[in-house]
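Hi,

Here is the structure I promised to pass on. Have a look first, then read my notes on the aromatic side chains below.

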Amino acid sequence: MTEKNITLKIKRQDTPSSSAYWQTFEVPNKPFANIISCLMEVQMSPTTVDGKTVHPVTWDSNCLEEVCGSCTMVINGRVRQACTALVDNLEKPITLEPMSKFPVVRDLQVNRERMFENLKKVKAWIEIDGSHDIGEGPIMPDQDRAKRYVMSECMTCGCCLEACPQFTLDNTFLGASTFNQVRLFNLHPTGEMRKEDRLNAVMGEGGIADCGNAQVCVEVCPKNIPLTESIADIGRQTTWQAIKNLFTK
Amino acid sequence: MMNRKKKIIIIGGGLAGLALAMKFCERNGEVTVVSYQSLKRSHSVCAQGGINAAIDAKNEGDTPEKHFYDTIKGGDFLAHQPLVRDMCYQAPAIIHLMDRMGVAFNRTGEGHLDFRRFGGTLYNRTAFAGATTGQQLVYALDEQVRRHVHDGAAKTLEWHEYLGAVLDSEGICRGAVIHDLRTDEIYALQADAVVLATGGPGQVYARSTNSVVNTGAAATTAYMQGAKYANGEFIQIHPTAIPGQDKLRLMSESARGEGGRIWVPRDANDRRDPKKIPESERYYFLEERYPLFKNLVPRDVASREIYDIVYNQNLGISGDPMVYLDLTHKSREFLDNRLGGILDIYTKFTGVDPRETPMKIFPAVHYSMGGLWTDYGPDNDGLIDHGSPRNQMTSIQGLFAAGEADYQYHGANRLGANSLLSCIYTGLMMARGIMNYTDSLEKSVEDIPSTVFDDTRAHWQNRFKDIKKMDGAENPHKLHHELGDIMLANVLIVRDNKSLEKAVHAINDIETRFLDVKCLDTHDWANPSPSFINQLYCMIHLSKIITKGALMRDEFRGSHYKPDFDMNQPKDFDPHEYIDYLEQKQYGEVSVKKFPADHLDYMKRFEANNEKWLKTTVAQYKDNQPEITYEEVNTSLVTPRPRKYD
Ligand SMILES: Cc1cc2nc3c(=O)[nH]c(=O)nc-3n(C[C@H](O)[C@H](O)[C@H](O)COP(=O)(O)OP(=O)(O)OC[C@H]3O[C@@H](n4cnc5c(N)ncnc54)[C@H](O)[C@@H]3O)c2cc1C
Ligand code: FES
C-alpha cells in the first residue's frame, strides 16, 4: 500500500496578476508524511518530474498541528488544512491548489485579509473597561462556557468560505465564520451588552439574509464548529432585532 | 517632553507582543505591531495545557508566595527572584483579566474558574480552556488589539519581517528596519522604543515542538548588534511529544495533570498490546522513583528519567525510543471535556485514539529559558517597580524584549504553564516603564539625523541583494536540517564536553558551508528564500551561543545535565538540612556530629558549586564568536538549596 514516492501536482502562480500553471513533483514517502512535510521535501530538492529545477513552491504554515489556521489549501479538490492531511489517507497522485475564493498571493498562498476585516465589522471582541485589575470576570455555568468554547476554536482558516456557494471572490458576503463570531460574543454576559451593534452589522448587504443554506460550511470545518447552528441562531436573533428596530428607530 | 503620542514598534504578535500593544494603547500610546504572519496565527496558539495563578480555588492553601517558591526551585535558583515574585503576585489579576476578555476557561460547578495540576507543584494552580489555552488567550488579546486598530490607536504590519534595530551614534535604538514579505521592500521605521516579542528559537534544532517561524533570528540579530544574550544553554526538553518527521508535536503536561501515567513494560521483550499487559508487569517508573510528585515532576527531571529508561535500562517500547503515556483509565467524557484538543492531535497524526490505546511518546526540544538579557527595576518590597524604565530593557538602550525572547523568569528550567504567564505579565508590566523611558530621553527621534535611518536601511538592502546573488551548491533547507542534527545529537538532555566540543567544530563547518549556499529563488515578489537564508545565518550563530554556553558550564543545573559534574545527592538527604547547615555556619562552626558524613560532604560541594556556578551566563558577540562571561543572580528572597522531588 505504501508507495516509495509520492506524486504531487501543484497549481502555481508567480504573482497575483499572472496566470496559473501546473508543475509535478515527486517526493520520497516517509512514515506519517503530511502535505506540509512533502512541500518541505520539494524545498530541499525543487526539481520537477521532467528534471527541471524550479524555484521552490511557496505556501503558508506555522503551527503544523491544525491550530493556527495558516495552511488551508485545496487538496484533491477538497478544502482543508495541509498539515493534518496525511499522505497515506489521500488518493494519488495528489493535487494541490490555492483556495479560489481569496486572491492568490503566490502559489498556494492566498490573502485572507477580508476575514479579519469582517471581524472588525461585527466588533468581534468584548468591550472591557480596561486591562487594569478590577476583579473577577462574570460567573458562568460550565455548559455555557463549553458552548462558547467550541465556537471560539475558529482559527480563521477560511475552509467554510471556500466551500460556500454564496461567498465569492468579489461579493461582500460575510460568511459562516463571521456569523459564528457574532454568536460567540453575543453569548458572553459582557459581550451581550453590544449585541445590537453586532446584529445590525449582519443585517445589511452581505449579511445573514444572503445565506443560501447550502450547509456545506459545517462539513468542511476542521474544528467541527456547529456553523449551521450558529447561522440559524443568528437568523433568529436578527429577526427579533429587526422587529425591535421597527419600534425603536 | 514631546507633544505627540509616544510611539513604539512591537515585533511579534504572540501573547507578549499583544499584551503590550493593548496596554500601551490604553495608556494613550501609538503602537505598530509587526509580524511574519497574521497576529492571530502566532506560535502562542500552540500552547495547550494552561496558565498558572495561585488563586487557591480549591482551598488547598495555595498562595502567590508558594507559586514563587515552586517557580524558583523549578528553575534551580537561577532566576532573579524579585521578578519571579512580582509575576506570581500579578498572576491572579492576569487570569481574571483574561476571563473578563471572554476566554472560555473551564469552570467549576458554581461557575467559577476551574484549575488543574501541572508539573513541579503539588497545587491545582493551572487555569485552562480545554486543551487549547494558548489559542484562546491569543484570540482574546488579538481581539482587543483589533479593537484598538479599529479605533485608530494601533497599526499592524502583518507579512512583514523585522531585520534589525536602527541605532544612533550613541548606540540608542531609534527604530527598526522592516522587510515587506510580499513586495520585498526594505525600509526603516522611526520609534521612541522597539520591543522584541519574537518568541523562542526551537528551529535551531530543526525538529522540535515549536512552530515554523521560531528561528530566534530577531534576538540573534540584536545580539550581533551588541545586545547581551543570557543563559542560552538552558533549553527545555519536554518529556512528552509525538515522534514525527516535520515536527515533534507536543503532548501537553496537562495529560499528566489530569491523571495520565507514564510506564513501560517491565520486561524489555514484552511485545504484547499494551492493554493486555497486567498492572503488575508495568513499570510506572516516575511514580516509583518520585513517590511525592509522581508523574508531575518538573520537565527536566521527567525527560532525564525517560532518557535513562530508554537508553540506560533499554526498556523503551519494543526496543524503540518511546514510553507509554496512558489515559485509558479515564472516561471518554472527562477526556473530551478537559483534553479534547490534544487527544485529537494525537489521533490525527498517528491514527490511534488515545482514549482507547496508550500513547507512545518521547522527549523533544520545547522551550528556551535563555534569551536576550534584560534589566529590571526592583522596589523595596522584594517586588518590581512597574514604572522603572529599566524593566525589560536589553543592554541596548531603547531596545526591549519580552516573552520567550527574554531570559528572566524561568531560571534553569521552566515549570509548565508558567510561560503563558510570563509572556502576558511582561507585556502588561513593561508598558509604564517604556512610557517613562521615552520621557527621560534627551533627544527625541525627530532630532536624529535621517542618515542614521538611511544607512541602516541601505545595510539591509545590500545584505539581501548579496543573499540573492548567492549561487553555491548548498541547499539552505538541507543545511538547516544538518545543523539541527548536530544540535540534537550533542546538545540535548545528557551533555558531555567531548560531544559539545565536537558540536562546536561541526557548527563551524556549517558556517563555512553557509558561504556556498544557493538562493533558490530570486524573484522580488512574496519570495521566502532570502529571508530564510538570513534566518539560517542567525540560527548558526545562536547554535554557537547555546553550545559554547553548555560547554563552558561545568555543572549540573536544571535542564543542563552533565553527568560528569553530577554531585550525586545522597538518597536520604533532606534539603532542610542545608538550611540548618548554612545557619550553623553563620553562627560559627558546623558541628560535624549533626549531619551524616556523606550529607555534610555533599553540602560542602553543593555550596562551593553554587559559589562558582550560580550565575547568569552572558554571551556577547566578539570576532564572530560568542564571548562568555558570568553575572550574579539576585537571590535576595529565598536561599538557594538542593532540589528534591521524591
Ligand atoms: C506545543 C507547545 C505547547 C505549549 N504549551 C504551553 C502551556 O500550556 N503553558 C505555557 O505556559 N506555555 C506553553 N508553551 C510555551 C509558550 O507557548 C510560549 O513560550 C509562548 O507562547 C511564547 O510567546 P511569545 O509571545 O513570547 O512569542 P510567540 O507566540 O512565539 O510569538 C512570536 C511572534 O513574533 C513574530 N516574529 C518573530 N520574529 C519575527 C521577525 N523577525 N519579524 C517579524 N515578526 C517576528 C512571530 O510572527 C510571532 O508573531 C507551549 C509551547 C509549545 C511549543
Ligand atoms: S500549519 Fe497551522 S493549521 Fe496547519
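Let me start with B:Tyr630, which is partly exposed at a relative accessible area of 29% (buried means under 20%, exposed over 50%, partly exposed in between, with a 1.4 Å probe and protein chains only). This is a predicted model, where local features need pLDDT of at least 70, side-chain atom pairs count only at pLDDT 80 or more, and totals for chains, interfaces and linings use all residues. Residues are numbered from 1 along each chain as its sequence is written, chains are lettered from A and ligands numbered from 1 in the order written, and side-chain values use heavy atoms, without hydrogens or water.

Over all chains there are 19 aromatic pairs (Phe, Tyr or six-membered Trp rings with centres within 6.5 Å; planes under 30 degrees apart are stacked, over 60 edge-to-face, the rest tilted). One of them joins B:Tyr409 and B:Tyr425: with centres 5.7 Å apart and planes at 75°, it is edge-to-face. Both B:Tyr409 and B:Tyr425 are buried.

B:Tyr630 pairs with B:Trp613, also edge-to-face, because the planes are at 85°, with the centres 5.4 Å apart. B:Trp613 is buried, at 8% relative accessibility.

There's an aromatic cluster too, made up of B:Phe573, B:Tyr578, B:Tyr581, B:Phe595, B:Tyr602 and B:Phe606.

Finally, the charged end of B:Arg116 sits over the B:Phe128 ring, 3.8 Å from its centre (the rule: Lys NZ or Arg CZ within 6 Å of the ring centre and within 35 degrees of the ring normal). B:Arg304 lies over the face of B:Tyr561, 5.3 Å from the ring centre.

Cheers
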